[in-house]
Amino acid sequence: MKCALVTGGSRGIGKAICKKLAEDSDYHILINYNSNKEAALDTLKQVEELGNTGEIIQFDVANADAVKNALDTWIDANEGSIIEVLVNNAGITKDGLFMWMPAEDWHSVINTSLNGFYNVTNHLIQKMLSNRYGRIINMVSVSGVKGTPGQTNYSAAKGAIVAATKALAQEVAKRKITVNAVAPGFINSDMTAELDEKELKRMIPVNRFGEAEEVADLVSFLASKKSSYITGEVININGGIYS
Ligand SMILES: NC(=O)c1ccc[n+]([C@@H]2O[C@H](COP(=O)([O-])OP(=O)(O)OC[C@H]3O[C@@H](n4cnc5c(N)ncnc54)[C@H](OP(=O)(O)O)[C@@H]3O)[C@@H](O)[C@H]2O)c1
């Protein structure tokens, strides 16, 4: 069985990606979540309604032992299956001006958004290399490309993944594994629910926030065979914000 794992697949952009992959591919969808089981089950229901199969898989991407345990348990129970597509989407924000940023807010964002990428990808990469085919898509942000005031922690985490994407892409390209990053601007989701769209949209040439489905379309393309010659790229999807 060929599978696509989407971290943070329970809500927002991750949920839209699970649904789009269910629509566009034959991959069995592994829907990761951290705490929101109900939302993950709802994603699964929608994947199944689209005529595909999937399952939910709980782990905190920031917890290396939890990632290892959950993935090893899954791998043992699914011998012969391969995770061919990995979408590193789970991420959190803890915004605030750097001069007042407590260490906890720095470390929790780095642990989830950056170390989460390491924990999951490092654990799966050997099998992907033996498979001699794979797709790794990292959800970054406009903040990781241009930097956003009030988000020094988040910008650092996402910027580091941009660099990791470029480095890893070169390491694994010969085995037909592509590694790309997708950098959204403002996308409607729980993460941006508190933001004032009316005010902020003035900075966006397209004059609106984006939808999770628009990001999912791009991810689905990158997850497909059609994107074979694109690797080590950071693709901005932000309605024209200069980045
Ligand atoms: N929305 C935007 O405007 C925007 C812009 C640029 C980049 N992004 C990036 O896009 C990604 C998705 O954002 P979103 O807007 O969809 O966020 P969201 O609506 O807040 O959803 C976050 C998802 O990540 C999961 N998650 C959070 N921490 C996790 C952890 N430690 N382990 C496993 N799963 C975890 C959540 O699972 P639970 O449901 O279990 O909590 C949820 O499914 C993030 O990486 C974010 O940085 C978003």
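User: How many cavities of 30 Å³ or more does a search of the whole structure find?

Analyst: The model is predicted, and the search covers the whole structure.

User: What is the volume of the largest cavity, and which residues are the closest to its centre?

Analyst: The largest cavity has a volume of about 70 Å³. Its lining is made up of 13 residues. Those closest to the centre are N88, A90, S113, G116 and F117.

User: Which helix gives the most to the lining of the largest cavity?

Analyst: Two helices, helix 4 (103-131) and helix 6 (152-172), each supply at least two residues of this lining. The greatest contribution, 5 residues, is that of helix 4.

User: How many charged residues are in the lining of the largest cavity?

Analyst: Sorted by class, this lining contains 6 nonpolar and 6 polar residues. The charged residues number 1.

User: Which element provides the largest share of the lining of the second largest cavity?

Analyst: The second largest cavity holds about 60 Å³ of space. Helix 3 (64-77), strand 4 (82-88) and helix 4 each give two or more residues to its lining. The largest share, 3 residues, comes from helix 4.

User: Which residues line the second largest cavity, and how many of them are nonpolar?

Analyst: The lining is formed by W74, I75, S81, I82, I83, L124, K127 and M128. By class, 1 is polar and 1 is charged. The nonpolar residues number 6.

Conventions: Residues are numbered from 1 along each chain as its sequence is written. This is a predicted model: local features need pLDDT of at least 70, side-chain atom pairs count only at pLDDT 80 or more; totals for chains, interfaces and linings use all residues. Side-chain values use heavy atoms; hydrogens and water are left out. On a 1 Å grid over the protein atoms alone, a cavity is a set of points where a 1.4 Å probe fits but cannot get out, and a pocket is an open set with protein on both sides within 12 Å along at least five of seven lines; lining residues have an atom within 4 Å of a point. Grid points are joined across faces, edges and corners, and a volume is the space filled by probe spheres set on the points. Helices (H or I, at least four residues) and strands (E, at least two) are DSSP runs, numbered from the N terminus. Ala, Val, Leu, Ile, Met, Phe, Trp, Tyr, Cys and Pro count as nonpolar, Asp, Glu, Lys and Arg as charged, and the others, Gly among them, as polar.
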